Amino acid sequence: MFRSEEMALCQLFIQPEAAYTSVSELGEAGTVQFRDLNPDVNAFQRKFVNEVRRCDEMERKLRYIEAEVHKDGVHVPQVKEPPRAPNPREIIDLEAHLEKTENEILELSHNAVNLKQNYLELTELKHVLEKTEAFFIAQEEIGIDSLTKTLGTEEGGQQAATRGRLGFVAGVLQRERVPAFERMLWRISRGNVFLRRAELDKPLEDPTSGNEIYKTVFVAFFQGEQLKSRIKKVCTGFHASLYPCPPSNTERQDMVKGVRTRLEDLNMVLNQTRDHRQRVLASVAKELASWSIMVRKMKAIYHTLNLFNMDVTKKCLIGECWVPTADLPNVQKALADGSNASGSSIPSFLNCIETDEEPPTFNRTNRFTRGFQNLIDSYGVASYRECNPALYTIITFPFLFAVMFGDLGHGLIMALFGAWMVIKEVSLAAKKTNNEIWNIFFAGRYIILLMGCFSMYTGLIYNDIFSKSMNIFGSSWYVPYDNDTLEKNTAFTLDPKDSYIDKPYFIGIDPIWQTADNKIIFLNSYKMKLSIIFGVVHMIFGVCMSVVNYNFFKRRYSIFLEFIPQVVFLCLLFLYMVFMMFYKWVAYSTMSEDQAYTQGCAPSVLILFINMMLFSSNEPEPGCKEFMFENQGSIQRVFVLVALCCIPIMLFGKPLYMLSASKKKHSKTESSNGSVNPGIEMQEQTDIINSQPQPKASASHDHEDEPFSEIMIHQAIHTIEYVLSTISHTASYLRLWALSLAHAELSEVLWNMVLTFGLKDANYIGAIKLYVAFCFWALFTLAILVMMEGLSAFLHTLRLHWVEFMSKFYAGLGYIFQPFCFKTILEQEDEE
């Protein structure tokens with residue numbers, strides 16, 4: 001992980017009959033990234049477009065089969081071992097089998113729909129006969145005279161004549177259409193239709209979609225053939241199903257018996273059809289996952305083969321790919337296995353070629369390092385062979401997070417959550433989910449685990465567990481007063497001469513500061529200085545990492561013209577400030593016999609640093625000294641002057657050197673123009689094939705091909721940015737102090753205002769209060785202090801790495817290596 005893998009651009013020469021199996025072996029290996037040699041050719045005009053269409057057709061059939069399987073609720077077992085891509089003979093068999101399976105399921109579905117349609121019609125007819133029976137009984141009870149009075153508009157003498165000519169239409173209609181149906185009948189008949197209806201209690205099944213539909217049985221009584229035709233047209237418009245209904249009671253009873261018998265027979269046939277369909281789908285479901293993987297692999301192979309180019313003789317396929325040099329033996333073995341599997345007599349071979357194109361970046365990772373590499377790649381993929389910050393981020397990222405999140409209790413919660421995900425990672429990874437938040441947490445499980453462990457360590461150093469301190473090793477302070485004195489006074493100032501045993505607490509902060517009134521003042525000063533110390537060390541480390549890039553890319557002049565002035569500038573100003581902090585801690589003490597080195601005379605490091613930059617001074621207090629040691633003022637002036645001298649070196653050094661080097665190169669080129677032999681020598685073919693390409697320096701790290709003015713502008717921007725960033729970035733690390741203090745104070749407020757509420761009463765009511773208070777305290781602790789504060793500290797840590805650390809040496813202008821790998825292709829399609 002120190003830097004990306006060395007890559008080689010290779011040519012593949014494969015016989016057409018071995019192309020499919022060879023690419024299949026390369027897909028299983030997942031070590032090559034193919035280049036498109038036909039960028040100007042339309043996708044529909046490539047050589048293997050017909051094979052891709054065959055794969056699309058098989059995918060369509062598989063989607064249909066899968067939809068039918070899921071519709072019937074048949075379980076599809078997961079594949080334990082993914083099958084390999086089928087060979088050409090197996091492709092024909094698979095295609096025929098899918099065709100047969102699809103036709104069989106289509107026929108079963110068509111038959112099932114027809115049977116369900118018949119069953120629905122018979123069920124509706126049964127309901128019509130049963131419901132209309134009640135209508136006709138009510139009609140007989142009311143009497144036909146009263147019915148005809150409501151229908152007739154003529155004189156009473158004609159009512160008896162029309163008594164036998166009353167007709168009716170019976171059928172079934174969807175329930176939501178009944179109100180509109182009634183209004184339409186009223187309008188077309190001008191109120192001369194008598195409509196009776198009854199709702200069905202149970203819903204019926206739609207034979208096509210399988211959805212439940214609620215329907216209503218209706219009977220419309222009318223007079224005359226003309227009105228009958230109008231009513232039937234309205235029924236057709238409202239998609240109502242009309243059924244014959246005999247007027248005679250005996251005929252209706254006989255018809256109901258016949259319909260019930262037919263329903264029983266049809267129900268038996270439907271059950272048999274359903275069982276047969278279940279057996280067919282169950283047998284298909286066992287192979288469905290394997291078929292899907294095989295077809296997707298086959299399609300990926302033909303898509304890849306479309307990137308190849310055919311040679312002039314049409315007897316060889318030529319492809320180009322990027323390969324990690326460490327994996328070249330694996331690629332050669334895959335090509336040999338592919339040729340053997342196809343039975344080709346001519347072996348495929350690999351040829352490494354030289355190129356000026358920048359190779360892709362490939363950082364080999366595992367489950368532990370992948371999360372940290374993703375953090376770096378989110379900022380920008382490293383340029384080819386550039387120093388990779390992910391290796392150092394494994395330690396620095398959780399540590400800086402823990403400086404802001406330092407709490408032993410909160411760190412333990414985070415560590416337990418991360419440890420659970422790590423221990424159960426196999427079973428949790430097997431559960432596919434589309435929850436983005438969970439997927440982010442799971443992908444960073446090792447980061448969360450380390451952040452939790454480091455937070456436990458810093459919480460131990462801060463002596464902070466849920467805002468409380470632990471007195472494990474005994475405080476180094478003691479109270480020299482008796483009980484009477486303590487009872488009479490509310491607060492005392494402990495003098496270290498009388499109350500300190502001159503031996504610090506074993507590890508971390510002394511627990512006595514938990515009860516001190518000046519706790520915040522002390523922690524402010526302590527954590528502020530720590531943040532500056534960590535920040536300066538982190539930035540110096542980032543500047544030193546640039547040496548690795550300069551040395552690797554053969555730009556050693558940048559070590560003298562950029563690195564040394566940068567690190568001298570940073571050390572003489574800000575590392576010197578860190579030195580003053582340590583010197584102040586060591587030199588000044590209450591126990592000192594020299595008054596100038598007692599705690600009251602300790603100068604402010606910030607004031608000293610400001611005076612150093614402004615070449616000014618302050619008058620010290622009586623008995624004190626302005627500086628910490630002898631000749632400090634002179635040393636500081638020298639430091640500032642040397643630091644200022646580094647700026648023109650950073651600004652003009654590299655441009656002038658490159659201008660001089662380009663002039664020398666130009667003069668050498670002119671002197672070599674008269675030579676008869678310009679240095680071109682013949683090279684044997686075997687040497688070309690076996691030679692490994694030497695990668696050139698990344699274009700993002702060099703400006704040699706640019707004119708002097710462009711180089712000068714770039715260097716001016718870079719110098720101004722560096723000088724200003726040393727100040728702004730140092731101040732930016734104060735976020736370590738700010739977030740740490742905010743986290744501790746918020747935790748203390750939550751304890752004092754929530755949990756303490758349940759600790760005030762000593763009776764049984766206090767137990768109930770404590771239970772409720774603890775529930776709220778635990779909820780707020782998890783939601784606010786662990787999740788929200790943890791996310792805030794994570795984002796600030798990410799910024800410190802991306803901007804303050806990586807900007808010192810990291811370009812991040814590369815592009816990621818995306819190998820042709822079946823495993824990756826299948827995972828991406830499953831996520832979609």
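Mentor: Helices here are DSSP runs of H or I, at least four residues, and strands are runs of E, at least two; both are numbered from the N terminus. H18 spans 519-552, and H19 spans 557-587. The model is predicted: local features need pLDDT of at least 70, side-chain atom pairs count only at pLDDT 80 or more, and totals for chains, interfaces and linings use all residues. Residues are numbered from 1 along each chain as its sequence is written, and side-chain values use heavy atoms, with hydrogens and water left out.

Trainee: Where does UniProt place the feature "transmembrane region"?

Mentor: The unreviewed UniProt entry places it at several spans, among them 530-553 and 559-583. Positions follow the numbering used here, names are shortened, and annotations may be inferred rather than shown by experiment.

Trainee: How much of residues 530-553 and of residues 559-583 is helix?

Mentor: Residues 530-553 are 96% helix and 0% strand, with end C-alpha atoms 36 Å apart. Residues 559-583 are 100% helix and 0% strand, with 31 Å between the end C-alpha atoms.

Trainee: What makes a void a cavity rather than a pocket?

Mentor: On a 1 Å grid over the protein atoms alone, a cavity is a set of points where a 1.4 Å probe fits but cannot get out, while a pocket is an open set with protein on both sides within 12 Å along at least five of seven lines; lining residues have an atom within 4 Å of a point. The search finds 4 cavities of 30 Å³ or more. Tyr 462, Asp 464, Gln 514, Lys 519 and Leu 523 are the closest to its centre, out of 15 lining residues. H18 and H24 (735-753) each supply at least two residues of that lining.

Trainee: Which residues line the second largest pocket closest to its centre?

Mentor: That pocket has a volume of about 1700 Å³. Of its 33 lining residues, Trp 477, Pro 496, Trp 513, Phe 522 and Gln 599 are the closest to the centre. H18 and H19 each supply at least two residues of the lining. H18 gives the largest share, 5 residues.

Trainee: Why is the link between Cys 601 and Cys 624 called a disulfide?

Mentor: The cut-off is two cysteine sulfur atoms within 2.5 Å. Here the S to S distance is 1.9 Å. The pair qualifies, and it is the 1 disulfide found in the whole structure. Cys 601 sits in the loop between H19 and H20 (605-614), Cys 624 in the loop between H20 and H21 (632-671), 23 residues apart. The angle about the S-S bond is -60 degrees, and the link is left-handed.

Trainee: Are Cys 601 and Cys 624 buried or exposed?

Mentor: Both are buried. Buried means under 20% relative accessible area, exposed over 50%, partly exposed in between (1.4 Å probe, protein chains only).

Trainee: Why do Cys 453 and Cys 645 count as partly exposed?

Mentor: Cys 453 has 37% relative accessibility, so it counts as partly exposed. Cys 645 has 48%, so it falls in that class too.

Trainee: How do you know that S1 and S11 pair?

Mentor: Pairing needs at least two DSSP bridges between the strands. S1 (residues 7-14) and S11 have 5 bridges, in the antiparallel sense. In one of these strands, S11, Asn 351 is the bridge partner of Gln 11.

Trainee: What makes S11 mostly covered?

Mentor: S11 (residues 349-353) has 4 of its 5 residues buried.

Key:
Grid points are joined across faces, edges and corners, and a volume is the space filled by probe spheres set on the points.
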